[in-house]
Amino acid sequence: MKNSSQHALKSLSRFTAVTFYSTSHICGYECFLHDRVVDFFYFLSPIAKPLFFIIIGYMDEERGMTKKYVLLKIKSVVLIVVFWNILFFFMDSTLFKRGYLLQNEILLSIAIIYLFQPVIGRLLQAFSVTLVAACGLIVFAALLQRSASVQPYFYPLPLSGYFDVMLLVSFYLVGRMLGSAKGQRLTKMNTVALVARVGLVPAALLLLMLERYTTSFMGGDSASWLVAEKMIITLLCLSLFIIFDNLTIQRRFIINTVAFISPTMVGVYIVHYSVFYLISSAYDLNNVTLGFTLMFAVFMASVILSRLLLLNKYTSQLISL
């Protein structure tokens, strides 16, 4: 790994997403956690996926995009989607009907990103063009989300997840921009690093207050507030990325742990849904201690399963990009 801190942040983003998923299912009807704890997990969940895509974009820019690399990514996405949907179709048809993978915004976003690499390459030729494109996608996604909430009859399909596709593509553009030579110089500037550290907590508090206000008084369907929410999430993600980008991890134990976990992140995303149900079906979720440890057990079990699948060159193609 060229930069352990970035891989650590990528792993944390996946852990946050998986933890929130487990918590939301545990607390679907009766929750052992305090409302504030559940709110905290809910608060972290919108940040996890954007961070993941910023890091993917940054690493792609550092690595360099070749035609062979792009074709390999497209092949991997298609193989993963086809294999897992066929598998779950035979295991449990309800999973297929609910669009276990095909309707999920993460794999769809990755597919779109690599299918439209020629367009993305042109947008990245200038910082200003990239910034305008990213902001435009964020605003457009917020407007669509507001339209779907006000006039749902115009959207016969469950498109809520698809609105996030444009957001994730925009965060990938931001990551590519930060991964360029100019972007790397920018994130390493002492002033920029200081602003990121100082602004992290105020931005987090602002997002928390905004979400509570829109939920309590506006129902969350105002376009202007939705745009503001997405922009604050962008600032939070940028602050976290810059902080970790300027962080040097020296402890060998942490480096080895990150090196073990980081390659499994796509696999964790794919298998954690099934791992959760396998673990939770064997135990009583009303047990407080078990419910709390389940959030971490699902993540670690998914990591170990993914590492085992990565040992074989054939199975590794089913959980890695």
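Tyr69, Tyr114 and Tyr172 form one aromatic cluster; rings of Phe, Tyr and Trp (its six-membered ring) pair if their centres lie within 6.5 Å, with planes under 30 degrees apart counted as stacked, over 60 as edge-to-face and the rest as tilted. The model is predicted, so local features need pLDDT of at least 70 and side-chain atom pairs count only at pLDDT 80 or more, while totals for chains, interfaces and linings use all residues. Residues are numbered from 1 along each chain as its sequence is written, and side-chain values use heavy atoms, with hydrogens and water left out.

**Overall make-up**

- The chain contains 14 helices and 0 strands, where helices (H or I, at least four residues) and strands (E, at least two) are DSSP runs numbered from the N terminus.
- Of the chain's 321 residues, 45% count as buried; buried means under 20% relative accessible area, exposed over 50%, and partly exposed in between (1.4 Å probe, protein chains only).
- Taking contacts between residues at least 6 apart in sequence, 81% join residues at least 24 apart; a contact means heavy atoms within 4.5 Å.

**Aromatic pairs and the nonpolar core**

- The whole structure has 4 aromatic pairs.
- In the pair of phenylalanine 52 and phenylalanine 53, the ring centres are 6.1 Å apart and the planes stand at 75 degrees, so the pair is edge-to-face.
- Both phenylalanine 52 and phenylalanine 53 are buried.
- The largest nonpolar core has 64 residues, and Phe53 and Tyr114 have the most contacts inside it; such a core is a set of buried Ala, Val, Leu, Ile, Met, Phe, Trp, Tyr and Cys residues joined through side-chain atoms within 4.5 Å.
- Helix H8 (residues 160-179) gives the most to this core, supplying 11 residues.
- Apart from neighbours within four places in sequence, phenylalanine 53 touches Ile106, Ser109, Ile110, Ile113, Leu168, Phe171 and Tyr172.
- In soluble globular proteins, nonpolar side chains tend to be buried together.

**Salt bridges**

- There are 3 salt bridges in the structure, each being a side-chain nitrogen of Lys or Arg within 4 Å of a carboxyl oxygen of Asp or Glu.
- Arginine 63 bridges to aspartate 60, with the closest N and O atoms 2.9 Å apart.
- These two residues, arginine 63 and aspartate 60, are 3 residues apart in helix H2 (residues 35-63), and are therefore separated by about one helical turn.
- Arginine 63 is partly exposed at 49% relative accessibility, whereas aspartate 60 is buried with a relative accessible area of 2%.
- Another salt bridge joins the side chains of arginine 176 and glutamate 61 (2.6 Å, N to O).
- This pair links distant parts of the chain, with arginine 176 in helix H8 and glutamate 61 in helix H2, 115 residues apart.
- Arginine 176 is buried at a relative accessible area of 7%, and glutamate 61 is partly exposed at 26%.
- Aspartate 245 and lysine 188 form a salt bridge in which the closest N and O atoms are 3.9 Å apart.
- Aspartate 245 belongs to helix H11 (residues 223-245) and lysine 188 to the loop between helix H9 (181-187) and helix H10 (190-218), so the pair ties together parts that are 57 residues apart in sequence.
- Aspartate 245 is buried, its relative accessible area being 2%, while lysine 188 is partly exposed at 43% relative accessibility.

- Apart from neighbours within four places in sequence, arginine 176 is in contact with Gly57, Tyr58, Asp60, Glu61, Met65, Gln117, Ile120 and Leu124.
- Arginine 176 and leucine 124 are 52 residues apart in sequence, and their C-alpha atoms are 7.6 Å apart in space.
- Glycine 121 is part of helix H6 (residues 117-123) and is partly exposed, with a relative accessible area of 32%.
- Between glycine 121 and methionine 65 the C-alpha to C-alpha distance is 9.1 Å, and the two are 56 residues apart in sequence.

**Cavity**

- The structure holds 1 cavity of 30 Å³ or more; on a 1 Å grid over the protein atoms alone, a cavity is a set of points where a 1.4 Å probe fits but cannot get out, and lining residues have an atom within 4 Å of a point.
- The largest cavity has a volume of about 30 Å³, a volume being the space filled by probe spheres set on the grid points, which are joined across faces, edges and corners.
- Its lining consists of Arg14, Phe52, Ile106, Ile110, Val266, Tyr269 and Leu321.
- Helix H5 (105-115) and helix H13 (265-280) each supply at least two residues of the lining of the largest cavity.

Terms used:
On a 1 Å grid over the protein atoms alone, a cavity is a set of points where a 1.4 Å probe fits but cannot get out, and a pocket is an open set with protein on both sides within 12 Å along at least five of seven lines; lining residues have an atom within 4 Å of a point.
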